[in-house]
Amino acid sequence: MRSDYTIIRVFTTDKPKVMDLLCDADEYKLIRNHVDVVYYNGDNLCQGKDTQRLVKQNIKTLLAHNIRAESNPKFVDDWFFLLK
């Protein structure tokens with residue numbers, strides 16, 4: 001089963017900096033000691049693959065700015081809104 005979204009968990013509380021670096025995200029959420037950045041995967045497989053490429057590139061961008069991050073779409077228990 002394909003997820004409707006991908007989350008990049010960014011291990012910083014500097015939400016404005018994350019929003020500036022990852023200005024192409026669909027949503028941002030500051031949670032305790034990290035920022036979650038959401039990308040919707042689109043309506044078809046091609047759009048999903050494009051999103052995954054974008055996520056990988058954005059993680060590289062964060063790492064280049066000494067910000068640790070990972071892609072982790074499985075853990076959404078901290079979110080307070082419904083995704084698709």
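**Chat about strand β1**

Trainee: How many bridges join β1 to strand β4?

Mentor: Three, and β1 and β4 (residues 69-71) run antiparallel. Two strands pair if DSSP finds at least two bridges between them; strands (E, at least two residues) and helices (H or I, at least four) are DSSP runs numbered from the N terminus. This is a predicted model, where local features need pLDDT of at least 70, side-chain atom pairs count only at pLDDT 80 or more, and totals for chains, interfaces and linings use all residues. Numbering starts from 1 along each chain as its sequence is written, and side-chain values use heavy atoms, leaving out hydrogens and water.

Trainee: Which β4 residue is the bridge partner of Arg-9?

Mentor: Glu-70. β1 also pairs with β3, antiparallel over six bridges, with Thr-6 partnered by Tyr-39.

Trainee: OK, is β1 buried or exposed?

Mentor: Six of its six residues are buried, so β1 is largely enclosed by the rest of the structure. Buried is under 20% relative accessible area, exposed over 50%, partly exposed in between (1.4 Å probe, protein chains only). Tyr-5, Ile-7 and Arg-9 lie on one side, Thr-6, Ile-8 and Val-10 on the other.

Trainee: What does Val-10 touch, beyond neighbours within four places in sequence?

Mentor: Its contacts (heavy atoms within 4.5 Å) include Val-18, Val-37, Leu-62 and Arg-68.

Trainee: New topic: which ring does the charged end of Arg-68 sit over?

Mentor: Phe-11's, 4.1 Å from the centre. The test is NZ of Lys or CZ of Arg within 6 Å of the ring centre and within 35 degrees of the ring normal.
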